[in-house]
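Please open the model in your viewer and keep the selection tool at hand. The tour goes from stop to stop, saying at each one what to select and what is found there.

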Amino acid sequence: MAFATSSFWGPVTSTTEWCEQNYVHSSYIAEFYNTISNIPSIVLALVGLVIALSQRFEKRFSILHISNMILSIGSMLFHATLQRLQQQGDETPMVWEMLLYIYILYSPDWHYKSTMRTFLFLYGAVFAVFLSQICFDIGFKLHYIMLCLLFIPRMYKYYILTQDKPAKRLAKLYVLTLFLGLLCWLGDRLFCNKNSHWYFNPQGHALWHSFMAFNSYFANQFLIFCRAQQRGWNPRIAHFLGFFPYVKILKPKSQ
């Protein structure tokens with residue numbers, strides 16, 4: 001949307017804009033609320049990383065939390081600048097993160113794990129190069145939805161195989177935050193013309209960021225629980241600061 005003050009970054013070059021008036025609060029931040037709403041994602045990913053390192057989970061989960069932070073930082077830069085280069089810095093980590101989720105979900109039953117890692121790495125690298133050369137906004141969204149559809153059935157399988165009620169609650173919170181986030185995202189896209197004339201803009205895309213921060217956190221903890229069960233680490237759900245659920249494990253002494 002048109003900006004109200006001078007722009008430090010110059011004209012918008014990204015292929016996508018959201019329902020927030022540009023440069024209202026600062027000449028350095030194009031979409032103020034869409035930018036700062038990524039902070040919860042960084043904080044929750046950092047909490048998850050600290051827990052993962054303190055309990056010595058597999059490295060894949062530390063990498064997963066770091067990828068959540070990288071994605072959030074890329075999103076902040078994109079919404080702050082609305083430049084094409086920063087848009088790539090948001091969209092490329094989105095795909096890389098989904099490839100990492102796919103690896104974590106499917107690798108336990110994959111007989112050729114090194115082949116799977118190599119394929120996903122090359123897929124991510126080729127995609128990054130392709131995205132840097134060609135703008136395909138609708139194609140990117142369809143591609144990302146396809147990756148998400150590969151993610152959901154496996155999560156459902158893990159859910160029905162899990163008997164622990166607190167762990168199943170994590171999966172339900174994952175679904176709830178995803179549903180609420182999608183409602184906010186769709187509302188922001190479909191009713192932008194109406195929202196922009198309201199006295200108070202609900203900032204649907206910023207709410208999407210906030211819900212997805214918790215969505216990623218719940219998904220990560222649920223996956224950690226399932227993996228800990230596979231490894232025989234006796235996982236249970238505990239709570240950090242009396243609120244944030246996390247997985248506490250007890251590894252056999254031999255490990």
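Helices on this tour are DSSP runs of H or I with at least four residues, strands are runs of E with at least two, and both are numbered from the N terminus. The model is a predicted one, in which local features need pLDDT of at least 70 and side-chain atom pairs count only at pLDDT 80 or more, while totals for chains, interfaces and linings use all residues. Residues are numbered from 1 along each chain as its sequence is written, and side-chain values use heavy atoms, with hydrogens and water left out.

Select His-79, His-205 and His-209, where UniProt, in an unreviewed entry, places the feature "binding site". UniProt positions are given here in the numbering of this model, with feature names shortened, and such annotations may be inferred rather than shown by experiment. The three span 131 residues in sequence, yet no two of their C-alpha atoms are more than 11.5 Å apart, so they gather at one spot. His-79, His-205 and His-209 also belong to the lining of the largest pocket, which is visited below.

Is His-205 buried or exposed? His-205 counts as buried because its relative accessibility is 4%, where buried means under 20% relative accessible area, exposed over 50% and partly exposed in between, with a 1.4 Å probe and protein chains only. If you show its surroundings, leaving aside residues up to four places away in sequence, His-205 touches Trp-18, Asn-34, His-79, Cys-184, Trp-185 and Asp-188, a contact being heavy atoms within 4.5 Å.

**Second stop: the largest pocket**

Rolling a probe the size of a water molecule over the atoms shows where empty space is left. On a 1 Å grid over the protein atoms alone, a cavity is a set of points where a 1.4 Å probe fits but cannot get out, whereas a pocket is an open set with protein on both sides within 12 Å along at least five of seven lines, and lining residues have an atom within 4 Å of a point. Grid points are joined across faces, edges and corners, and a volume is the space filled by probe spheres set on the points.

The largest pocket holds about 1,100 Å³ of space. To find its centre, select Met-94, Tyr-144, Cys-148, Trp-208 and Met-212, which lie nearest to that centre among the 44 lining residues. Then colour the helices α2 (39–54), α3 (59–81), α4 (84–106), α6 (137–161), α7 (165–190) and α9 (204–231), each of which supplies at least two residues of this lining. Which helix has the largest share of the lining? That helix is α9, with 10 residues. By class, the lining of the largest pocket has 25 nonpolar, 14 polar and 5 charged residues, counting Ala, Val, Leu, Ile, Met, Phe, Trp, Tyr, Cys and Pro as nonpolar, Asp, Glu, Lys and Arg as charged, and the others, Gly among them, as polar.

Move on to the second largest pocket, where about 320 Å³ of space lies. Its lining includes Arg-60, Trp-96, Tyr-103, Arg-117 and Phe-121. The helices α3, α4 and α5 (113–133) each supply at least two of the lining residues, and α5 gives the most, with 5. This lining is made up of 8 nonpolar, 1 polar and 2 charged residues.

Select Arg-56 in the loop between α2 and α3, a residue that has a positive phi of about 55° although it is not a glycine. Arg-56 is exposed, with a relative accessible area of 66%. Gln-203, in the loop between α8 and α9, likewise has a positive phi, near 55°, but Gln-203 is buried, at 12% relative accessible area.

**Last stop: the hairpin**

Finish with strands β1 (residues 236–240) and β2, which run antiparallel and are joined by 5 bridges; two strands pair if DSSP finds at least two bridges between them. Ile-237 stands opposite Val-247 in β2. The hairpin has 3 residues between its strands, and Leu-241 takes a positive phi near 60° there. Strand β2 (residues 244–248) is mostly covered, with 4 of its 5 residues buried.
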